[in-house]
Amino acid sequence: MHRSIAALAVVSLCAAGLAACGSSGSASTPSACLHGPSNFLTALATAPGPVRLNHQNLISDCVLPAQKGGELTQVGSALVVAATKLNVAGRANPTGNDPIELGYLVGAIERGATETAGIHTDLLRRLDAAARFSPAQLPPAFATGYATGLMAGKKSG
């Protein structure tokens with residue numbers, strides 16, 4: 001058991017190191033991605049249609065191959081909070097738009113992270129855990145909405 005915890009710690013440190021290595025890159029996270037969870041939640045209201053942060057940036061623009069460690073932390077925290085809020089709202093009203101928005105958010109980040117050399121792996125795990133958490137089995141309507149949003153986010157997020 002202790003070995004798996006130690007291995008997890010090593011993996012986390014390696015991921016943090018990769019993120020820090022990206023801090024020397026010239027790419028900067030778009031400012032729209034750094035305005036907290038409410039900015040993501042507001043933009044996602046148009047899902048599964050096109051979603052733009054501040055009518056400009058795709059959500060996938062928020063994850064960069066050479067993302068600075070501090071920006072990655074700030075974006076990641078906002079995304080996990082947004083996903084958690086959408087999960088709670090979606091479980092309360094599984095036929096509403098919240099599961100679609102949640103799926104779109106996850107799909108868009110998956111889309112953006114495909115070319116980031118794995119520095120967003122931990123963020124994707126945390127986002128997936130926040131999105132799929134449920135003390136009981138998620139209702140079929142939630143799963144259907146989530147799948148619709150996930151496909152849309154992967155395609156155009």
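I call a residue buried under 20% relative accessible area, exposed over 50%, and partly exposed in between, using a 1.4 Å probe and protein chains only. With that in hand, I looked up Asp122, and it is partly exposed at a relative accessible area of 32%.

**Entry 1: ground rules**

I am working with a predicted model, where local features need pLDDT of at least 70, side-chain atom pairs count only at pLDDT 80 or more, and totals for chains, interfaces and linings use all residues. I number residues from 1 along each chain as its sequence is written, and my side-chain values use heavy atoms, with hydrogens and water left out.

**Entry 2: the overall fold**

I counted six helices and zero strands in the protein. Helices here are DSSP runs of H or I with at least four residues, strands are runs of E with at least two, and both are numbered from the N terminus. Reading from the N terminus, I get the order α-α-α-α-α-α. Of the 157 residues, 40% count as buried. I then turned to contacts, meaning heavy atoms within 4.5 Å. Among contacts between residues at least 6 apart in sequence, 76% join residues at least 24 apart.

**Entry 3: the disulfide**

How many disulfides does the cut-off give? I found one disulfide, taking a disulfide as a pair of cysteine sulfur atoms within 2.5 Å. Cys33 and Cys62 form it, with their sulfur atoms 2.0 Å apart. Cys33 sits in the loop between helix 1 (2-21) and helix 2 (37-43), and Cys62 in the loop between helix 2 and helix 3, so the pair ties together parts that are 29 residues apart in sequence. I also noted the torsion about the S-S bond, which is about -80°, so this disulfide is left-handed. Cys33 is buried at a relative accessible area of 1%, and Cys62 is buried at 0%.

Helix 3 covers residues 69-92, which makes 24 residues. Its first and last C-alpha atoms are 35 Å apart, close to the 34 Å expected at 1.5 Å a residue. That expected span is 1.5 Å times one less than the number of residues. I listed the buried residues of this helix, among them Leu72, Val75, Leu79 and Leu86.

For charge, I count Lys and Arg as positive and Asp and Glu as negative, leaving out His and the chain ends. A salt bridge needs a side-chain nitrogen of Lys or Arg within 4 Å of a carboxyl oxygen of Asp or Glu.I did find a polar contact of 2.7 Å between the side chains of Glu71 and Thr29. The rule for a polar contact is a pair of N or O atoms within 3.5 Å; within protein, one must be able to donate a hydrogen and the other to accept it, and residues adjacent in sequence count only if both atoms are side-chain atoms. Leaving out residues up to four places away in sequence, Glu71 touches Ser28, Thr29 and Leu34.

Helix 4 has 16 residues (98-113) and reaches 23 Å from its first C-alpha to its last, close to the 22 Å expected. Of its 16 residues, 14 are buried, so helix 4 is largely enclosed by the rest of the structure.

Glu101 is found in this helix. Glu101 is buried and has no salt bridge; Lys85, the nearest side chain of opposite charge, is 12 Å away. Not counting residues up to four places away in sequence, I see Glu101 touching Leu41, Leu44, Ala45, Ala47 and Leu86.

**Entry 4: the salt bridges**

A reminder to myself: side chains of opposite charge can pair when their charged atoms come close. How many salt bridges does the structure hold? I found three.

Glu110 and Lys154 meet in a salt bridge, 3.2 Å from N to O. This pair links distant parts of the chain, with Glu110 in helix 4 and Lys154 in helix 6 (residues 140-156), 44 residues apart. Glu110 is partly exposed at 28% relative accessible area, and Lys154 is partly exposed at 44%.

Asp122 from my opening note came back here: Arg126 forms a salt bridge with Asp122, with the closest N and O atoms 2.8 Å apart. Both are in helix 5 (residues 121-132), and being four residues apart, they are separated by about one helical turn. Arg126 counts as exposed at 51%.

Asp128 and Arg132 also meet in a salt bridge, 2.6 Å from N to O. They both lie in helix 5, four residues apart, about one turn of the helix. Asp128 is partly exposed at 29%, and Arg132 is partly exposed at 45%.
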